[in-house]
Amino acid sequence: MGFTIGGIREIRSGTRRRGRSSECTAVAEFTGLWGWDVVPGARAAAGTCSCGRTDCPAPGAHPLDFAPVVPAGATLDEATRAWGEFPGAAVMLPVGRAFDVIEVAEPAGRRALVRLERMGLPLGPVAATPDGRVHFFVAPGAAAELPELLYRMGWDDAALDLHGLGPGAYITAPPSDRAGLGPVHWLRSPALDSATKPPTARLLLGTLAYVAHRSRA
């Protein structure tokens, strides 16, 4: 993708100098450095969604239907202009394009992350949500492959709290608030060697399934 560490510093320092919001900083890094599309999302306050629908099925946890995608490759200025049209919007990432997600309960996710790091396995970004979930970023296609992978590993008959998120799904990204519950935060921040090329699911799945299984025992 041609991005450098100097480019990261330029985006971050430029953001501080110009007083841009943390959301603008995040959007610029996601689009300009990691090659991710970003979508403005709804916010929730006191159970009411900023989308304006009184019957919203997912208050504060969905993209704004009328907001355009800020595409991968957008610069800091482009991201700032785009986000300025939707002040206060949550930063949301469409899944299934640059990455898929394996989602597990937070206690299992934290324990699995420690194990995976000790094993020296390649890892992509990992995020924790305020509603007690952990998102492991993996290569696109993982959600569709997950049932077959679990079958091959002998976990297909286990009632695991482990799910794949693929095309059509969206996740709230740090530093945004999710559903009025609090901010999403990184357990493992994006980096050039992992965000642009996340690992295949099969490298992580055995450990994730094992820890998820042990967590419910």
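This is a predicted model: local features need pLDDT of at least 70, side-chain atom pairs count only at pLDDT 80 or more; totals for chains, interfaces and linings use all residues.
Local features were considered at pLDDT of at least 70 and side-chain atom pairs only at pLDDT 80 or more, whereas totals for chains, interfaces and linings use all residues. Residues are numbered from 1 along each chain as its sequence is written, and side-chain values rest on heavy atoms, with hydrogens and water left out.

Helices (H or I, at least four residues) and strands (E, at least two) are DSSP runs, numbered from the N terminus. Two strands are taken to pair if DSSP finds at least two bridges between them. Strands of a sheet pair through backbone hydrogen bonds, in either a parallel or an antiparallel manner.

An open sheet of five strands shows the order 8-5-7-6-10, with antiparallel pairing. Its edges are formed by strand 8 (162-165) and strand 10 (185-188); each has a single partner strand, so one side of each is left without a neighbour in the sheet. On average, and with direction ignored, neighbouring strands of this sheet are turned by 30° against each other. Such angles are taken between axes, which are lines fitted to C-alpha atoms (for helices over the stretch in contact), and run from 0 to 180 degrees between N-to-C directions.

Within this sheet, strand 5 (residues 100-105) pairs with strand 8 in the antiparallel sense over four bridges, and V101 has L165 in strand 8 as its bridge partner. Strand 5 is also joined to strand 7 by six bridges, again in an antiparallel arrangement, with V104 opposite V134 in strand 7. Three bridges link strand 6 (residues 126-128) to strand 7, and these two strands run antiparallel; here A128 stands opposite V134. Strand 6 and strand 7 form a hairpin with four residues between them, and G132 in the turn has a positive phi of about 85°.

The burial of strand 7 was examined next. A residue is called buried under 20% relative accessible area, exposed over 50%, and partly exposed in between (1.4 Å probe, protein chains only). Six of the six residues of strand 7 are buried. In a regular strand the side chains alternate between the two faces of the sheet. Both faces of strand 7 are covered, with R133, H135 and F137 buried on one side and V134, F136 and V138 buried on the other. Helix 5 (residues 142-153) lies across strand 5, strand 7 (133-138) and strand 8, and runs at about 145° to strand 8.

A second open sheet has three strands in the order 1-4-9, with antiparallel pairing. Strand 1 (39-41) and strand 9 (170-172) stand at its edges, each with a single partner strand, so one side of each lacks a neighbour in the sheet. Neighbouring strands of this sheet are turned by 40° against each other on average, direction ignored. Strand 4 (residues 90-94) and strand 9 run antiparallel and are joined by three bridges, in which P94 has Y170 as its bridge partner.

Two packed helices are described by the angle between their axes and the distance between the axes. Helix 4 (residues 106-119) packs against helix 7 (residues 201-215) at an angle of about 140°, with the axes 9 Å apart. Helix 4 is therefore oblique to helix 7, given that angles under 35 degrees count as roughly parallel, over 145 as roughly antiparallel, 65 to 115 as roughly perpendicular and the rest as oblique. In this pair, A108, R111, A112, R115, L116 and M119 of helix 4 meet L204, T207, L208, Y210, V211, A212 and S215 of helix 7, where contact means heavy atoms within 4.5 Å.

Helix 2 (residues 22-32) is mostly covered, as 10 of its 11 residues are buried; among them are C24, V27 and F30. S194, found in helix 6 (residues 192-195), is likewise buried, with a relative accessible area of 5%. Leaving aside its neighbours within four places in sequence, S194 is in contact with L123, G124 and P125.

Most residues other than glycine have a negative phi, and most peptide bonds are trans. The loop between strand 9 and strand 10 contains P175, and the peptide bond from P174 to P175 is cis, with omega near 10°. A179 is found in the loop between strand 9 and strand 10 as well; its phi is near 55°, a positive value in a residue other than glycine. A179 is partly exposed, with a relative accessible area of 26%.
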